[in-house]
Structure formats: C-alpha cells, structure tokens
Amino acid sequence: MTRFRPGRLLLQLSCLLIAIWLVAPTLVVIPMSFADRKSLAFPPQGFSTQWYANFFANPQWFGSLVVSLKIAAMVAVVATIIGTMAAIGIERLKTRAGGIIRVLLLTPMIVPGVVLAVGIYAVYLDTRLVGTWTGYVLAHTLLAIPFVVIAVGANLAVFDARLETAAASLGASRLTTFFTVTLPLILPGILSGALFAFVTSFDEVIVSLFITSPQLKTLPVQIFSSMTRDADPTVAAVGSLIFLATTLIIGLGLIFGLRRRGA
Amino acid sequence: MNAVSNEAASKGAAIDIDGISKFYGSFTALEKVSLRVEPGEFMSFLGPSGSGKTTTLNLIAGFTDLSGGDIRLDARSIGHVPAHKRNIGVVFQHYALFPHMSVAQNVAYPLKQRRVGKAERTRAVEEALRKVQLDSFAHRYPSELSGGQQQRVALARAMVFNPSLLLMDEPLGALDKKLREVLQLEIKRIHRELGSTFVYVTHDQEEALVLSDRIAVFNKGRIEQVGTGQALYTAPQTLFVGQFIGESSVLRGPHRSAGGETVLTVAGTTLAAPGAARGEGAQVILLRPEAVMVQAPGTGPQEGRSNILSGVVREMLYLGSAMKYEVTLADGSHVTARTPTQGAPFALGATVELAWRPQESVLLADDGSTAGH
C-alpha cells in the first residue's frame with residue numbers, strides 16, 4: 001500500500017518536466033524533417049520524405065557529410081596518437097612540469113572558441129591553410145587533444161605502472177611492454193578519447209566557419225549557411241539522421257559496455 | 001652451507017655485490033654495500049622498512065640505476081644492463097599479474113619474449129603450473145584467483161624461463177599467516193627443485209629463519225651482519241642484529257674489563273660477560289629468554305649460573321611447555337625469561353632471582369637500538 005505523498009509527486013513531476021525540456025528541442029526536428037512545404041514552421045504541415053531525398057541527392061549536402069566524416073576520422077587518429085603520448089608523458093613526469101604541460105594542453109578547451117578561431121584564421125591566411133584538408137585536421141586536432149588527454153589520463157591514473165616493471169623483469173623491452181601490457185590496459189580510455197575526438201571534429205562549427213571555403217565545407221558549416229540563407233527543411237532531415245546515428249552508437253556502446261562488465 | 005645437490009647448484013648464479021650505493025638527491029638509500037651470494041644459495045635480506053633491502057633487490061633486478069659500485073652475476077657485470085636483458089626472475093609482493101591475460105598467458109609471457117616455440121612453450125607453462133599446483137587453473141583470469149593462488153602464478157611466471165637467479169620482494173607480505181606458512185614450505189621445495197639462487201626480501205625474521213641458508217641483516221642503508229640464522233641468533237655482532245632476530249632483553253650499565261671477561265654493573269649487581277669490550281663506548285649485555293632461569297630468592301648460583309639479578313614478576317604467560325616471565329629490575333629495566341614449566345609458578349609481584357651462565361650472554365656495543373621491529 002503506497003500512501004499518497006505530495007512531496008514525492010512534486011519531485012517526479014519536476015523531473016519529468018526537466019527531462020522534456022532537455023530532450024524536446026532535439027525531438028522537434030523529427031516532425032519538421034517530414035514537412036511538406038519548404039518552411040521550418042512548427043508544427044509542420046503535411047508529410048513528405050523529399051528533404052531526406054534532397055540530402056542524399058544534393059552534392060552540397062551529401063558532399064559536406066563525407067567531408068566531415070573524413071576530417072573527423074583523420075582528427076580521431078591524429079589527436080588520439082598525440083593525446084595518448086602526451087597523457088603518458090605527463091603521467092611519467094610526476095613533477096610540476098607535468099602539471100604545467102597538462103594545463104597547456106587543456107587550454108583549447110578553456111579559451112573561447114571565437115578567440116581561438118580568429119587566431120587560427122590569422123595564421124591560416126599567412127600559411128594558405130584556409131579551406132584545406134590539412135587546415136581542418138590541424139585545427140580540429142588542436143580542439144580534440146584535450147579530450148584525449150583527459151580520457152587517457154583518467155585511465156592511466158588507475159593503471160598499475162608496476163606491471164611495466166614486472167614485464168621488464170620477464171624480458172620485455174619498453175616498446176614490447178607498451179604494446180603487450182600498457183596499451184591493452186588503457187585501451188578503454190584511448191577508445192573513448194578517440195570517440196570524443198571524432199565527435200569534437202564532427203560537430204565543430206566556430207573555427208570551421210572561419211576557415212571554410214566554397215570547395216571544402218563541413219556539414220555543420222553547410223547547415224549554418226543553409227539556415228542563414230533560406231529555411232530549408234533538409235536541415236531538419238540532417239538533424240534527425242545525426243540524432244538517430246548518435247542514439248544508435250551510444251545505445252550499442254551501453255549494451256556492449258554492460259555485457260563486458262557482466263562477463 | 002646449503003644442502004643443494006651439485007647438479008642443482010651448477011644452475012644457480014653467483015652474485016657479487018661490490019660496494020653499491022644508491023642516492024636519491026641528498027638521501028642515502030644504500031651506502032657502499034658489498035655481499036657475495038653463493039650459487040644455489042637461499043639468501044634473505046632482512047631488515048625494517050627503509051633499511052635498503054628492497055633498494056638492493058631493485059638494483060640487482062635493474063629497476064633502478066646504481067649510484068655507485070657494480071653488481072656481477074657469475075662474474076659478468078650487470079650493473080648497467082637494462083632490466084629486460086638480465087634474465088632474472090622477480091616475484092613481487094603485489095603479484096603484478098597481467099589482468100588482461102589468463103593464467104597460462106601470464107606464465108607464457110616470458111617465454112614469448114624469448115621466442116620459444118609454441119609446442120615447447122605449452123609444455124613449459126604446464127610444467128611450471130604443475131610445480132605450483134595450479135595446472136587446472138590455466139584458463140582462469142587473475143581476478144578469479146585468491147591472493148595465494150595469484151602469488152603461485154607469479155612464482156610460476158618468474159621461474160618458467162629457468163632463470164639462474166630468482167628475486168622475491170616480500171612475496172608473502174599480503175597473505176594471512178596460515179597461507180604464508182604453507183607457501184613458505186612451497187618456496188623452499190621449489191628452491192630445492194630448481195637449484196637456482198634465491199634472494200628473498202622480508203621484514204619478518206621468522207620467515208627469514210625458516211627459509212634461508214644465510215641472512216643479510218640490513219639497517220639504515222648498510223648490511224649489519226651476514227650469516228646463518230643460528231649464527232645471527234647466537235652470535236650477533238651488533239645490538240641491532242641481536243634485537244632484530246628473536247626475542248631478547250638488554251641490560252645496560254657501566255663496564256670494566258676483568259681478565260678475559262667484561263663486567264657490567266646493572267642495578268647494583270655485577271654481571272660477567274665473555275670477551276673484551278667492543279669499541280670504546282658503552283656496552284650492553286644481550287640475553288635470550290631461554291638462557292635465563294627464574295628461581296626463588298636466595299637460591300644462588302646453580303649449574304654455573306653465576307650471573308644473578310633480583311627482580312619482581314610483572315607479567316607471566318603460560319605457553320604450555322614453558323612459562324614466560326617479564327621481570328622488572330631495581331633500575332626499572334625489564335628482562336624476559338622463558339623456563340620449562342616445573343613446580344608451582346611464581347606469582348605476579350613475587351620477588352625472584354634471574355640466573356644465567358656468563359657465556360650465554362652476549363656482550364655488544366651500545367648502538368642505541370631499542371627493541372621492537
């Protein structure tokens with residue numbers, strides 16, 4: 001028998017409201033993506049899948065997705081390698097220098113995006129990196145490294161470095177020790193760092209807006225310029241697709257993670 | 001000195017530690033320590049924490065760099081050989097098993113580094129696991145094993161590649177007393193079977209006595225004395241060693257030499273001890289509890305027990321085969337005595353006589369060591 005408790009009901013109600021408030025803006029794009037007319041009005045009128053068709057057919061849209069995926073993949077690889085090496089170096093230093101280097105590496109997270117973007121743009125103008133693959137990868141890697149350093153650093157903090165001593169006593173060189181002992185044990189941190197790096201690049205918009213060119217545009221830039229030019233519901237279709245993809249990835253990650261923990 | 005067969009002894013390596021030092025900044029962890037460990041010997045490094053015993057082990061293993069001196073393994077200098085090329089087995093207190101590998105993979109690891117073929121590897125892993133009685137656990141993971149089982153795996157992993165030297169850094173320190181005793185016997189058996197030289201670090205003097213052919217007693221970055229357990233117990237060269245090994249009482253007082261003996265005045269009574277005074281400073285008499293007879297006042301010297309002190313029973317413990325007395329002397333110091341149970345025991349607060357033969361006391365220089373490990 002549960003007694004009626006007004007305090008508890010109030011708590012549940014406020015939780016529900018906050019949950020709706022958090023998710024609703026994301027969910028709004030789904031009905032909008034099926035709108036009949038070329039307008040971003042809510043609630044949408046009619047039903048059609050033409051905006052999805054447009055996204056895949058229009059090279060402006062689909063091309064920018066491919067560009068974004070390629071850049072994000074490259075950033076994930078480069079930032080993960082550099083960030084992992086940095087995290088290991090910082091962990092080994094154990095002195096004040098390690099702390100200073102760590103703070104330096106994390107600054108891109110703290111410095112306002114616009115400030116960073118202006119700086120990068122100024123340097124890129126001189127070095128002709130604006131609108132180039134190298135330019136995007138370099139800028140996004142800069143932004144992604146802090147996430148890798150944090151993720152791998154957290155894993156290294158619980159890694160038992162004495163295992164490396166044991167490996168040495170068993171005849172493994174430092175390099176072999178790294179690949180057979182250290183790497184497998186900090187792999188969860190490296191993988192989550194790589195995922196963070198990928199996502200950081202994939203949805204980066206501020207710096208990308210500065211260094212973009214008509215020939216090489218990432219998806220967020222394409223979304224932004226489309227929104228400012230006209231009310232194209234393709235934006236909503238893109239939003240819905242990304243929402244679906246991230247939900248799937250996170251869902252699978254949770255299932256996989258839970259199963260591994262259960263084993 | 002040790003009971004290993006000639007064939008087995010030829011497998012063990014001789015270690016020559018030649019004046020090694022280790023400094024951390026201005027802190028001296030180890031100062032000019034020299035020691036020879038014979039092939040196939042079981043040598044323990046015994047001492048309190050911070051005495052330099054683990055530092056010495058780490059220097060032999062190559063985990064830290066020498067600040068001075070050299071280490072030779074079978075006359076070959078290894079002082080500057082990297083750890084992974086020394087071919088020395090190490091067992092750690094914290095097991096240090098690789099958590100992402102099964103028991104079999106852990107034990108196979110050193111063989112893989114030595115590019116041993118798969119068939120030979122499988123055979124050697126099986127044999128090593130059989131030696132530690134874990135052959136049925138090959139496919140388990142370390143997290144599925146108890147502490148004792150994990151340490152057996154670590155032992156199998158450290159000996160599977162037949163190192164001529166095995167180092168153990170307080171391998172049983174994290175286990176409970178009963179398991180420790182079982183594993184002590186196993187380590188002793190494995191040492192006999194392998195014939196390798198063993199160096200065993202411990203702060204537990206009982207463990208060192210049970211296991212070792214010889215013991216090196218460390219204190220403050222130096223070796224105080226090296227010898228068999230019996231030699232350290234009966235003939236300690238320093239007060240520190242005397243107090244660290246076994247139970248003892250220490251009597252302090254002014255001394256003078258008398259013929260071949262030295263006489264100390266303790267609580268107003270003169271006591272004889274064999275030998276000349278050690279060094280210029282103050283002297284002490286070290287007494288083992290079993291050497292001291294507790295007797296009724298006025299009994300006087302019996303069977304050559306000519307050193308007699310009077311005191312009051314402060315504590316008495318019934319140990320089954322023996323009685324243990326804590327007796328407080330007139331000067332406030334304490335003497336522990338262990339005597340066979342016979343007749344009625346003395347009551348608490350009773351005045352008794354403590355008697356012992358002069359040759360059963362040890363005369364040592366007072367280095368300021370106090371009892372307790």
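**Stop 1: B:Phe45 and B:Phe218**

Select B:Phe45 and B:Phe218 in this predicted model; both residues are buried. Colour chain B by secondary structure and find strand β3 (residues 42-46), which holds B:Phe45, and strand β9 (residues 214-219), which holds B:Phe218. The pair therefore ties together parts of chain B that are 173 residues apart in sequence. A pair of aromatic rings is described by the distance of the centres and the angle of the planes. For B:Phe45 and B:Phe218, the centres are 5.0 Å apart and the planes stand at 50 degrees, so the pair is tilted.

**Stop 2: A:Phe198 and A:Phe202**

A:Phe198 is partly exposed, at 26% relative accessible area, whereas A:Phe202 has a relative accessibility of 14% and counts as buried. Over all chains, the count comes to 17 aromatic pairs.

**Stop 3: an aromatic cluster in chain A**

Remain in chain A and display the side chains of A:Phe55, A:Phe56, A:Trp61 and A:Phe62. These four residues form one aromatic cluster.

**Stop 4: A:Ser240**

Now select A:Ser240, in helix α11 (residues 234-262) of chain A. Is this residue buried or exposed? A:Ser240 is buried, with a relative accessible area of 8%. Which residues are in contact with A:Ser240, if its neighbours within four places in sequence are left aside? They are A:Val29, A:Ile30, A:Ser33 and A:Tyr52. Display these side chains together with A:Ser240 to view the contacts.

**Stop 5: where chain B meets chain A**

The contact takes 19 residues from chain B and 18 residues from chain A. The size of an interface is often given as the accessible area lost when the parts come together. Chain B and chain A bury about 1500 Å² between them, and carbon and sulfur atoms account for 70% of that area. How many salt bridges cross the interface of chain B and chain A? The number found there is zero.

**Stop 6: the two domains of chain B**

Seven residues of domain 1 and 11 residues of domain 2 take part in the contact. About 690 Å² is buried between these domains of chain B, with 52% of it given by carbon and sulfur atoms. In domain 1, select B:Tyr233, B:Pro236 and B:Leu239, the residues that lose the most area to domain 2; together they give 80% of what that side buries. Between domain 1 and domain 2 of chain B, zero salt bridges are counted.

**Stop 7: charges over rings**

The charged end of B:Arg288 sits over the ring of B:Tyr233, 4.0 Å from the ring centre. Then select B:Arg157 and B:Phe98, where the arginine lies over the face of the phenylalanine ring, 4.7 Å from its centre.

**Stop 8**

Side chains of opposite charge can pair when their charged atoms come close. The whole structure contains 23 salt bridges over all chains. The following selections show some of them.

- Select B:Glu181 and B:Lys177, whose side chains meet in a salt bridge of 3.3 Å, N to O. Both lie in helix α6 (residues 177-194) of chain B, four residues and about one turn apart. B:Glu181 is partly exposed, at 40% relative accessibility.
- Select B:Arg305 and B:Glu303, a salt bridge with its closest N and O atoms 3.8 Å apart. B:Arg305 is buried, at 11% relative accessible area, while B:Glu303 is exposed, at 61%.
- Select B:Arg357 and B:Glu360, where the closest N and O atoms of the salt bridge are 3.5 Å apart. B:Arg357 is partly exposed, at 21% relative accessible area, and B:Glu360 is also partly exposed, at 32%.
- Finally, select B:Glu120, B:Arg123, B:Glu127 and B:Lys131, which are linked in a network of salt bridges.

How values were computed:
Residues numbered from 1 in each chain as written. Chains lettered and ligands numbered in written order. Heavy atoms only, no water. Phe/Tyr/Trp six-rings, centres within 6.5 Å; stacked < 30°, edge-to-face > 60°. Buried < 20%, exposed > 50% of the residue type's maximum accessible area, 1.4 Å probe, protein only. Helix = DSSP H or I, 4+ residues; strand = E, 2+ residues; numbered from the N terminus. Lys NZ or Arg CZ within 6 Å of the ring centre and 35° of its normal. Contact = heavy atoms within 4.5 Å. Buried area = accessible area lost by both parts, 1.4 Å probe. Salt bridge = Lys/Arg side-chain N within 4 Å of Asp/Glu carboxyl O.
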